[in-house]
Amino acid sequence: MCLTDKELTQNPSHFDESDEIVTHRDMGWEEYRELIRGMRFFDPHIHMVSRTTDDYEAMRDAGIVALIEPAFWVGQPRTGLSTFKDYYSSLVGWERFRSSQFGIKHYCTIGLNSREANNEPLADQVMEILPLYAYKEGVVGIGEIGFDDQTAAEEKYYRLQLELAKKANLPVQIHTPHRDKKKGTERSMAIALEHGLDPSWVIVDHNNEETVKSVLDQGFWAAFTIYPFTKMGNERMVKVVEHYGPNQIMINSAADWGISDPLAIPKTAALMKMRGIDDETIRRVTYQNAIDAFAKSGQIDVSDFENGLNVDQSEKFNGNTILRGGQQPRVAKDSLVIR
Ligand SMILES: [Zn+2]
């Protein structure tokens, strides 16, 4: 497949095809972070395996206390079952541990992403191992699943995974396609209803102004990803919340290995605050709604993170630590000298 410049710099599983670029005024985050001091945030869609320790520190400092890492496409197609296994194991293992070391509670969703559903021989094998991970502790849903190119194979594995979600009694996190989004979103919801899923158990992700009304009207959760340099920047998000209010709406960063911003939620909260949106509405769309939706899994205990996680730097995961010989977990970034 030949990628355009835009596709090369943005995660093709996430970017918005829109030509419209919103030009943001130059407003420094440092000046505005005071607005959200003391607020807590929950990011229900972020791919931490692709992010650095700096990101974890910045997220914690900005008030993110918990997150959900959906299983997704890693930027190139996997060639065998064992790399899927290792990836899922890292979501419930090492990455969760790494997150805990920065004081952030880590959950994940497990699924076969739509792109790799198109490799049917491998997809069949992946389907066989999914139940081994779906029932593990801290798995709060089946995701992110759905359509990319809207092929027959994508539909087949989407349907199979909806059945798995029903069987495992887990919410579903739907990735909606960026090409032909409106049609793909409607089709995703119609199929979920056809399989008998309760819409209050289904989180439809990557919404925009075109899709949101129908998603809300049909009783699904509407998640919005704040993408830098695309149509759904956070100024647009503020307008959506002003228009629809906080019911069934949640915000995420979907930060990954492409150009993205792990602080999308706190920044959007600050912007909402500046634009006069009340604190309770902000709390719902940046924290509570995501908890309400994914807690149906029975895997989320708010007391684990609402007052902050205790960070025990001496902890190890299978004998491994994030620290190297006597290190402290914090790097003094304002110092020229690296000790
Ligand atoms: Zn994602």
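User: Against which elements do the buried residues of α7 pack?

Analyst: Two conventions come before the answer. Helices (H or I, at least four residues) and strands (E, at least two) are DSSP runs numbered from the N terminus. Two residues are in contact if their C-beta atoms, placed from the backbone, lie within 7 Å. On that basis, the buried residues of α7 pack against α6 (120-134), β4 (139-146), β5 (172-175) and α8 (181-194). This is a predicted model, in which local features need pLDDT of at least 70 and side-chain atom pairs count only at pLDDT 80 or more, while totals for chains, interfaces and linings use all residues. Residues are numbered from 1 along each chain as its sequence is written.

User: Which residues of α7 are buried, and why do they line one face of the helix?

Analyst: A residue is buried if 20 or more other C-beta atoms lie within 10 Å of its own, exposed if 12 or fewer, and partly exposed in between, with C-beta atoms placed from the backbone. In α7 the buried set consists of Glu154, Tyr157, Tyr158, Gln161, Leu162, Leu164 and Ala165. Seen down the axis of α7, these buried residues fall within an arc of 160° (the arc of the directions from the helix axis to the C-beta atoms), so they line one face of the helix. The general idea is that an α-helix has 3.6 residues a turn, so residues three or four places apart point the same way. The face turned away from the buried side carries the exposed residues Ala152 and Lys167.

User: What span should α7 have, and how far apart are its end C-alpha atoms?

Analyst: The expected span of a helix is 1.5 Å times one less than its number of residues. For the 17 residues of α7 (residues 152-168) this gives 24 Å, and the end C-alpha atoms are 24 Å apart, which agrees. After the helix comes Asn169, with a positive phi near 60°.

User: How is β5 to be read: which of its residues are buried on each side?

Analyst: In a regular strand the side chains alternate between the two faces of the sheet. Both faces of β5 are covered, with Val172 and Ile174 buried on one side and Gln173 and His175 buried on the other. β4 and β5 pair in the parallel sense over 4 bridges, where pairing requires that DSSP find at least two bridges between two strands. Gly146 has His175 of β5 as its bridge partner.

User: Which residues have the most contacts inside the largest nonpolar core?

Analyst: A nonpolar core is a set of buried Ala, Val, Leu, Ile, Met, Phe, Trp, Tyr and Cys residues joined through C-beta atoms within 7 Å. The largest one has 79 residues, and Val172, Val202, Val204 and Trp221 have the most contacts inside it.

User: Is Gly184 buried or exposed, and which residues does Gly184 touch?

Analyst: Gly184, placed in helix α8, has 24 C-beta neighbours inside 10 Å and therefore counts as buried. Beyond four places in sequence, Gly184 touches Phe147, Gln150, Thr176 and Pro177. Gly184 and Gly146 are 38 residues apart in sequence, and their C-alpha atoms are 8.6 Å apart.

User: Where does Gln150 lie, and what is its phi?

Analyst: Gln150 is in the loop between β4 and α7. Its phi is near 60°, a positive value in a residue other than glycine. Gln150 is partly exposed, with 16 other C-beta atoms within 10 Å. Gln248 also has a positive phi, near 65°; Gln248 lies in the loop between α10 and β8 and counts as buried, with 24 C-beta neighbours inside 10 Å.

User: Why is α11 described as largely enclosed, and what covers its buried residues?

Analyst: In α11 (residues 264-274), 8 of the 11 residues are buried, so the helix is largely enclosed by the rest of the structure. The cover includes α2 (29-32), β1 (41-43), β2 (64-70), α10 (234-244), β8 (249-252) and α12 (279-294).

User: What is the mean pLDDT of the protein chain?

Analyst: pLDDT is the predictor's confidence in each residue, from 0 to 100. The mean for the protein chain is 89, and 88% of its residues reach 70 or more. Over residues 1-13, pLDDT stays under 50, as it does over residues 15-23.
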